[in-house]
Every structure is written in C-alpha cells, then in structure tokens.
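Hi,

Here is the structure I said I would pass on.

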Amino acid sequence: MTTEKIETARPLVRLDEVGKNYGNIIALREVSLEVSPGEVTCVLGDNGAGKSTLIKIVAGLHRHDTGTYQVEGEAVSFASPREALDRGIATVYQDLAVVPLMPVWRNFFLGSEKRKTFGLMDIEFMRRTTKSELLAMGIDLRDVDQPIGTLSGGERQCVAIARAVYFGAKVLVLDEPTAALGVKQAGVVLRYIVQARERGLGVIFITHNPHHAYPVGDRFLLLKRGRSIGYHSKGDITLDELTALMAGGSELEELAHELQGVTAGKELTEEAKKLGLTD
Ligand SMILES: Nc1ncnc2c1ncn2[C@@H]1O[C@H](COP(=O)(O)OP(=O)(O)OP(=O)(O)O)[C@@H](O)[C@H]1O
Ligand SMILES: [Mg+2]
C-alpha cells in the first residue's frame, strides 16, 4: 500500500541542479524540473536561454555535467536518444523527420513497420491503426493514404504526438511545436498536448510564448542565460506575471523608470523656464 503511494508520487522525469558546459560556455547551471504522469511542465525562455540544451539532456542527445537526472526515481545518464526512448521518453523536434511524399500511415509506422509472418508489410493493419490512433487523439483524417506533406504543420505535429503515444511514450518532450504556427494551428497542437496529458503522459513543452504555455501548463520553468529565474506551479502565478517574467520584468521596469526620469526632467525644465529661473 505504502509502496504504491511512493510509486505514484514518483515523478517520471526529475532534474536536480543540472548543469551543462560546452567548452567554456556555461549553457545551463543548476536547473531543476520535474514532470509526473498527467502533467505538463512548460520550459520558457528567450533565445539562448538554454531550453534546447535542457531538452537534449532529457532526450539523451547530450549528457549533463553536474546535478542529477532521474527517470521514475532512478538516476540516469543516457548515451543516446535510443536509451531515452527505451525508458519511454519520446522527443518531437520542430523540424520533424517525416518523409513528405509518403502516406500518413507509412510515416506513422516509419522504422517500426508491422509485418506479417512472411515479412510482408501488414498495410491494412497499419492503415487501420493510424486512423484509429489519430481519431483517439481527436484528429479525423479523411484519408491516411494522403502524403504527409499535404498536412498542415499543426497536423503533422499532431501525427508525431499520436505516434509517440501509440509506441508507448510515457513522457513527451515537445521542442517549440507551436513556434512556426498561426493562432488556429497552434490551438490544434495545444489541444493534443492536453489530450496526451489526459491519457496520463507527462509532457515537457518548450515554448517562448506564455500565452501558449499558460492554458495547458501545470508547472512553469523560466530560463534566462542558462539559469532558472523561476519555477512555479499554476496556482502561484498568473498569466500576466508569467508574461512579465518572460519580457524580462525587472529590466522593463528599470527602463520605465529611466523613461519617467527623462519625462520628469523635461517637466522640471519647463517649470523652471516658466518661473524665469532659466532661459
Ligand atoms: N553545441 C554547442 N556548442 C557550443 N555552445 C552551444 C552549443 N549549443 C548551445 N550552445 C550555447 O548554449 C547556450 C544555450 O543555447 P540553447 O540552444 O540551449 O538555447 P535555447 O534556449 O534553445 O535558444 P533558442 O530559443 O534560440 O533555441 C547559448 O549561449 C548557445 O550559444
Ligand atoms: Mg532552442
């Protein structure tokens, strides 16, 4: 009973004070985050903040230099993305590795084709499964035989998400899946992030748009120049606060003060002029 409680309380992914250097460039320093089943953890930050470095560590592309990385309570240091995948951590990159001219179902099963006894591809099974898996994620494709290149960017992201779910991912890592999308398409992808969460997956969602992160996120990690400048659960931060943090809150405030100073200075000069103290 107690063991079971511990099991469920154990996050799928947990980073503690993780750091990474590229030569003498410190890309990441003492960054912590976690994601549990049925949760979305968002990683926000400007260009060069360290977002990609962070997810490359989670995805098994890079190894961390300091701190600890745990998967379901066990310390790991993956040598390859394959090792991460074997532990259920699937990463969907922005430039999806799809074959545009191949049908949707071929792309869905790419590299994991279902075969019959004599090695022939079980096309019917793959067509049917692709269709039903996409439907389960709320995507109703008329024809899974159409080339994947004819789908919109948002739909392609969704196929990649559905694929990861089907092949047993426990954790989905999404690197800026909405960055290149319009409002409507971004909405489509956000809906599938919620679908994945509702199916019990943990999602790590990288974005630099707080308006995309806030509605779907349970936790928010803000990175700046490789450091964490905030780690909040939804209950203790509002969208406005998140946006202000992203905009570099304090820097903007300083700027506002400076500008006020300029205006105040001007007003004083005007007053002084009126009083005949200056010319
Ligand atoms: N392979 C590398 N070799 C050397 N420096 C690197 C390497 N990859 C990243 N960096 C540096 O590490 C820092 C963090 O980069 P990273 O790509 O993680 O940022 P990011 O938050 O993903 O930015 P963006 O929003 O532009 O994608 C940057 O200063 C970057 O120049
Ligand atoms: Mg990046």
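Some housekeeping before that. This is a predicted model, so local features need pLDDT of at least 70 and side-chain atom pairs count only at pLDDT 80 or more, while totals for chains, interfaces and linings use all residues. Residues are numbered from 1 along each chain as its sequence is written, and chains are lettered from A and ligands numbered from 1 in the order in which they are written.

**Overall**

The protein has 10 helices and 10 strands; these are DSSP runs numbered from the N terminus, with helices being H or I of at least four residues and strands E of at least two. Of its 279 residues, 35% are buried. Buried here means 20 or more other C-beta atoms within 10 Å of the residue's own, exposed means 12 or fewer, and partly exposed is in between, with C-beta atoms placed from the backbone. If you take contacts with a separation of 6 or more, 68% of them join residues 24 or more positions apart. (A contact is two C-beta atoms, placed from the backbone, within 7 Å.)

**Around ligand 1**

The shell consists of Tyr22, Ile25, Ala27, Gly45, Asn47, Gly48, Ala49, Gly50, Lys51, Ser52 and Thr53, taking a residue as near if its C-beta atom, placed from the backbone, lies within 6 Å of the molecule. Two or more residues come from each of β2 (25-35) and α2 (51-59), and α2 gives the most, with 3 residues. By class there are 4 nonpolar, 6 polar and 1 charged residues. The classes put Ala, Val, Leu, Ile, Met, Phe, Trp, Tyr, Cys and Pro in nonpolar, Asp, Glu, Lys and Arg in charged, and the others, Gly among them, in polar.

Arg225 sits in the loop between β9 (219-224) and β10 (227-233). It counts as partly exposed because it has 14 C-beta neighbours inside 10 Å.

**The core**

The largest nonpolar core has 67 residues, and those with the most contacts inside it are Ile161, Val171, Leu172, Val173, Val203, Ile204 and Phe205. α6 gives the most to this core, with 7 residues. By core I mean a set of buried Ala, Val, Leu, Ile, Met, Phe, Trp, Tyr and Cys residues joined through C-beta atoms within 7 Å. Beyond its neighbours within four places in sequence, Val203 touches Val35, Val40, Leu172, Leu174, Ile193, Ala196 and Arg197.

α7 (residues 183-198) has 16 residues, and its end C-alpha atoms are 23 Å apart, which agrees with the 22 Å it should span at 1.5 Å a residue; the expected span is 1.5 Å times one less than the number of residues. Its buried residues are Ala186, Val189, Leu190, Tyr192, Ile193, Ala196 and Arg197. They cover an arc of only 160° around the axis, so they are on the same side of α7; the arc is that of the directions from the helix axis to the C-beta atoms. They pack against β3 (39-45), α6 (153-166), β7 (171-175), β8 (202-207) and α8 (210-216).

Which residues are exposed on the other side of α7? They are Lys184 and Glu198. Lys184 is exposed because it has 9 other C-beta atoms within 10 Å.

α5 (residues 123-136) has 14 residues and reaches 20 Å from its first C-alpha to its last, close to the 20 Å expected. Met126, Thr130 and Leu134 are its buried residues. Their arc is only 55°, so they lie on the same side of α5. An α-helix has 3.6 residues a turn, so residues three or four places apart point the same way. The cover over the buried residues of α5 includes α4 (104-108) and α6, while Glu124, Ser132 and Leu135 are exposed on the face turned away.

Glu72 is in the loop between β4 (66-71) and β5 (74-75), and is partly exposed because 16 other C-beta atoms lie within 10 Å.

Cheers
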